[in-house]
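Colleague: I have a model open and would like to learn how to read it. Could we go through it feature by feature?

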Amino acid sequence: MRRGDRTFSVDLRRVGLALMAVLLMVVLAACSGETGEQGEQGPQGEQGPQGEQGPAGAAGESAAMADLSCVGCHDDSTLITGKEASVGMSLHGTGESFVRGTSASCAGCHSGGAFTAMVAAGADPGSLEAGDPDPTRQDCRTCHLIHTTYTGEDWALTTTDPVDLYAFEGVTFDGGEGNLCATCHQPRRQIDEAVDGMIEITSTHWGPHHGPQSAMLLGLAGAGVDGSPLDGSPTSHYSQVEDTCVTCHAGDPLSHTFEAKIESCQACHSGAEDFDINGVQTAVQEGLDELEAALLAKGWLEEGAPEDGGGLHPAVETVPAGEAAALWNWIYIAHEDKSLGVHNPAYTLALIQEGLDALSGGGDS
């Protein structure tokens, strides 16, 4: 066979094999059954290359980490624990007066939690509609905005607004940061008006009520020889001491026992070694002792029962107006203000003298 014939024969054979393969596929397809169940998924392939980075988003609000972090305050220092220990030693952190916070008329000042609610509502002491079912002592949250912004602003005082005194219409105490203290440290009442020259002592708790220091600084809340209210003048501790109560009772460096510090006095009274500056406390104590003895002799002061805490209490009687004024002034100075004249020396001594004059027959009694 010639070469050209042989090439043609090979091509013809290839075409035949291809036709046979196609025919075989057709036959197999015709004979195939239903599709079987899907097999298990094979192993995942390798991760492909990372795509291009997208466009940057809008800038967020910036904040310093120190302002938003718990460790700004809650660290390994005594920043908090030292203050807690001091408050725990103070009169705000001891005793049982906080239990009176269950009463609506007492809650605003006797319960730390209710105080915060009272300030937020712009209310006066005694004006809350309900007591605190879970009263607390005065603590960090009472005076500071703890855990409200989680920044340094949380150390800000709960309030520094001027205080319209509860018992004195039109009288405002404005003592800077001391306004926080004056919110509660104010009288709840003035002496009652005499009826036919007599004043009724209504209970063993009769008097201006606990913590009248703001009124003493202003020269208010005392009684005169005839039993009527007697006003004096504001002391320099109100008009010339920036931040009033806080300056003297917290001081610099800051103390949370709130006991007055002689170092605060020395800024104005150089060389002072104690609070008996110019003998004021000595003179006040002597006057109070004389006034107390005269009141005991009259029977207007009595020894309290042990279950009431003992101590001296006013007798529940109807008393000549001038003698009631003497009793009122003794309670105000000795039992309530307790500064022995430091808060307002001139006014304190004047009230003691009014009481002594009334008891000695110098008044209308």
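Modeller: Start with a term. Helices (at least four residues) and strands (at least two) are DSSP runs, numbered from the N terminus. Gly 207, for instance, is found in the loop between strand E3 (198-200) and H8. Keep in mind that this is a predicted model.

Colleague: How many helices and strands does the protein have?

Modeller: There are 14 helices and eight strands. Buried residues make up 33% of the 365 residues. Among contacts with a separation of 6 or more, 59% join residues 24 or more positions apart.

Colleague: Back to Gly 207. Is Gly 207 buried or exposed?

Modeller: Buried means under 20% relative accessible area. Gly 207 has 0%, so it is buried. Leaving out residues up to four places away in sequence, Gly 207 touches Arg 189, Trp 328 and Ile 331. Its C-alpha atom is 7.9 Å from that of Gln 190, 17 residues apart along the chain.

Colleague: Now a helix. How far does H12 reach from its first C-alpha to its last?

Modeller: Helix H12 covers residues 280-298, which is 19 residues. It reaches 27 Å, close to the 27 Å expected at 1.5 Å a residue.

Colleague: Which residues of H12 are buried?

Modeller: First the general idea. An α-helix has 3.6 residues a turn, so residues three or four places apart point the same way. Now the case here. The buried residues of H12 are Val 280, Gln 281, Val 284, Gly 287, Leu 288, Leu 291 and Leu 295. They cover an arc of only 125° around the axis, which puts them on the same side of H12. On the other side, Glu 286 and Ala 297 are exposed.

Colleague: What covers the buried residues of H12?

Modeller: The cover includes strand E6 (301-303), helix H13 (321-337) and helix H14 (345-359). Take one residue as an example. Leu 291 lies in helix H12. It counts as buried because its relative accessibility is 0%. Beyond residues up to four places away in sequence, Leu 291 touches Ala 326, Trp 330, Ile 352, Gly 355, Leu 356 and Leu 359.

Colleague: Let us turn to H14. Why does its span agree with expectation?

Modeller: At 1.5 Å a residue, the 15 residues of H14 should span 21 Å. Its end C-alpha atoms are 22 Å apart, which agrees. The buried residues of H14 are Tyr 347, Thr 348, Leu 351, Ile 352, Gly 355, Leu 356, Ala 358 and Leu 359. Their cover includes helix H8 (213-218), strand E4 (222-223), strand E5 (229-230), H12 and H13.

Colleague: Which residues other than glycine have a positive phi?

Modeller: Two to look at are Thr 244 and Asn 278. Thr 244 has a phi of about 35° and is found in helix H10 (residues 244-249). At 3% relative accessibility, Thr 244 counts as buried. Asn 278 has a phi near 60°. Its place is in the loop between helix H11 (262-266) and H12. At 77% relative accessibility, Asn 278 counts as exposed.

Colleague: Pockets next. What volume does the second largest pocket have?

Modeller: Its volume is about 250 Å³. The second largest pocket is lined by 13 residues. Gly 122, Ala 123, Pro 162, Val 163 and Thr 183 lie nearest its centre. Helix H5 (112-120) and strand E1 (163-164) are the elements that give two or more residues to the lining. By type, the lining divides into six nonpolar, four polar and three charged residues.

Colleague: Which residues does Ala 182 touch?

Modeller: Ala 182 touches Val 163, Phe 173 and Ser 214, not counting residues up to four places away in sequence. Val 163 is also one of the residues nearest the centre of the second largest pocket. Ala 182 itself sits in helix H7 (residues 179-182). At 0% relative accessibility, Ala 182 counts as buried. The C-alpha atoms of Ala 182 and Ser 214, 32 residues apart along the chain, are separated by 5.7 Å.

Definitions and conventions. Residues numbered from 1 in each chain as written. Predicted model: local features only at pLDDT ≥ 70, side-chain atom pairs only at ≥ 80, totals over all residues. Heavy atoms only, no water. 1 Å grid on protein atoms, 1.4 Å probe; cavity = no way out; pocket = protein on both sides within 12 Å on 5 of 7 lines; lining within 4 Å. Points joined across faces, edges and corners; volume = space filled by probe spheres on them. Nonpolar A, V, L, I, M, F, W, Y, C, P; charged D, E, K, R; others polar. Expected span 1.5 Å × (residues − 1). Buried < 20%, exposed > 50% of the residue type's maximum accessible area, 1.4 Å probe, protein only. Arc of directions from axis to C-beta. Contact = heavy atoms within 4.5 Å.
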